[in-house]
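Student: I have not worked with this structure before. Could you take me through it step by step?
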Amino acid sequence: MAASVSSAWGLARPPKVEPRTRACQAFQSVTAERGFLPQSDPLTRLSDPQYAAWEDALDQLPKYAVAAGRGELRAWLLSLPAFPTEAAVAGGSDELWRTYLLLSFLAHGYMWCDGPGTPSVLPAGLAAPWCAVAAALDMPPVLVYATYNLANWRRLDPAAPVQLGNICCLHNFLGGIDEEWFRLIHVAIEAQAAPAMVALPAGQAAAAAGDVAGVRLTLEAITAALVAMQATLERMGEKCDPHVYYRRLRLPMSGWRNNPALPGGLVYESQYGGQPQQLYGETGAQSAVLHALDAALGIRHDPSSWLRAYLLDMRRHMPPAHRAYVASLEAGPSLRQAAEAQPGSLKPAYNECVHELEKFRSQHKAFAFNYIAKHSQRADETGTGGSDFMPALAGYRDATSQHRLA
Ligand code: HEM
C-alpha cells in the first residue's frame, strides 16, 4: 500500500480552476433527515439544451456497455460534441455537481465498460472538462462515493422518506437489480446515520459544558443509528448477488492507483503536462459517516500505519463540506474524554457505541470477504478503493474494539 500523498490528490500540477466550494449549496449542510445526502433531491438532468447530447449519452451508457467490447462505446463517446466546459464551471453548484457526476460516469464507462484492454490515456474530450469541473468543486477527477451514491438517487414517492422501498438509482454503468441495490443500500444507510451525524456536534458541546445528560443523548443516538445501519447492511444479499458484484459491478468503480490493471496510473490527455496520475477508485471508505463517528468517539487509527494514511486519503475524495465536518469533530472534545471523566454515568453508553461500531465493521468485513476475497484467486486483489482490504478492514475493526473503556 502506497503511503498517503501530502499534496492534493498527489497530482503532478495543481488544478487551474479556482475552487469555489464556499458558494456551493449541494452537500453544504448536514441535517437529521438527510445527514450527508444532498439537502434537496439530486438533479436528475441538466435542462440546458447544450448538455442534451451528454445527458442522452449518460442515459444510453448501460445499453452501449452491453453492446460494446471492441471499442464501440469508446468511439461513440469520442464522437460527442465538445463539452460546454466554460458554461458548466460558471453554473450553479447543483448543476456543477450534476456535471461532475455525468462526466465521472462517462469517463469510467470509457475506461472500464468496453474492450479490448484498459486504456492508459483518457482522451482530451473527456479529460479536459472532467478535470476542470472537478477542480471547480475541489474534487479529484475520478469517480467518488458522492457521485456514485450520494447524488445518484431519486424518491419514487416525493412525499415519502429516503429509505429502501422508496428510492431508486438515477444512473448505472450496466443497470440491473444488483447494481441498483448495491448503491441503494449505501443511500439508505446514509439516511439512517443522519440523526447521529447531527447529534455529534451537540454531544461535543454538551461534553465541553459538562452536561452529562446531553452527552448521553448523543451516545444513545449513535447506538440507535448503528443498529439501524447494520439491519440495512444485512439486506445487501437480498438483491445484490456476490458473483454479480465480483464479476461485473466492481470493475467500473475502479481507479488508477494501486490497481494492477494500470500500474503507472492514467494520463489525462492535455492535462497535468502529460504526467500519469494515480487516484484511488470509488469506495464506501469515502463516506463521511464512519470518519465522523471515529472522530467524535475518539477512535484513533494507528498514525504510523498505512491504515490511517488511507483513510486520510479517502477524505480528499469527499465533498469539501464533509471533510470540514469531520475535521471540526476531530478538533472538538471527544465523547470518550467525557465518558472517562464521568465513568459512572457515561461509560456504559460509550462502550455500547464502540460495541455497535465494532459490530458494523465486523459485519462489513464479512461482506467484503463474501463479495470479493472468497471469489478471488489473485494475491494482489484490492478493493474498488484500491486498498489491501482484508487486513485494512480487520485493522479498522480491531482499533475500534481497543477503544472500549475498561
Ligand atoms: C457488498 C457490500 C460491500 C463490499 C463488498 C464492500 C467492500 C469494501 C472494501 C473492499 C473496502 C476497503 C476499501 C477499498 O479498497 O475499497 C471498504 C471500505 C469501507 N466500506 Fe464497504 N463494502 C460494502 C458495502 C458497504 C456499505 C453498504 C457501506 C456503508 C456506507 C460501506 C462502508 C465502508 C466504509 C465506511 C469503509 C471504510 C472502512 C471502515 O471505516 O471501517 N461499505 N468496503
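Student: Which of the 27 residues around the ligand come nearest?
Tutor: Thr-283, Gly-284, Gly-383, Gly-385 and Ser-387 come nearest; a residue is near a molecule if its C-beta atom, placed from the backbone, lies within 6 Å of it. This is a predicted model, in which local features need pLDDT of at least 70 and side-chain atom pairs count only at pLDDT 80 or more, while totals for chains, interfaces and linings use all residues. Residues are numbered from 1 along each chain as its sequence is written.

Student: Which element gives the most to the shell around the ligand?
Tutor: H15 does, with 5 residues. Helices are DSSP runs of H or I with at least four residues, numbered from the N terminus.

Student: Which residue does UniProt list for "binding site"?
Tutor: The unreviewed UniProt entry lists His-364; such annotations may be inferred rather than shown by experiment. His-364 is found in helix H15.

Student: Why does His-364 count as partly exposed?
Tutor: His-364 counts as partly exposed because it has 19 C-beta neighbours inside 10 Å. A residue is buried with 20 or more other C-beta atoms within 10 Å of its own, exposed with 12 or fewer, and partly exposed in between, with C-beta atoms placed from the backbone.

Student: Which residues does His-364 touch?
Tutor: Leaving out residues up to four places away in sequence, His-364 touches Leu-233 and Leu-393. Contact requires C-beta atoms, placed from the backbone, to lie within 7 Å.

Key. Helix = DSSP H or I, 4+ residues; strand = E, 2+ residues; numbered from the N terminus. Contact = placed C-beta atoms within 7 Å.
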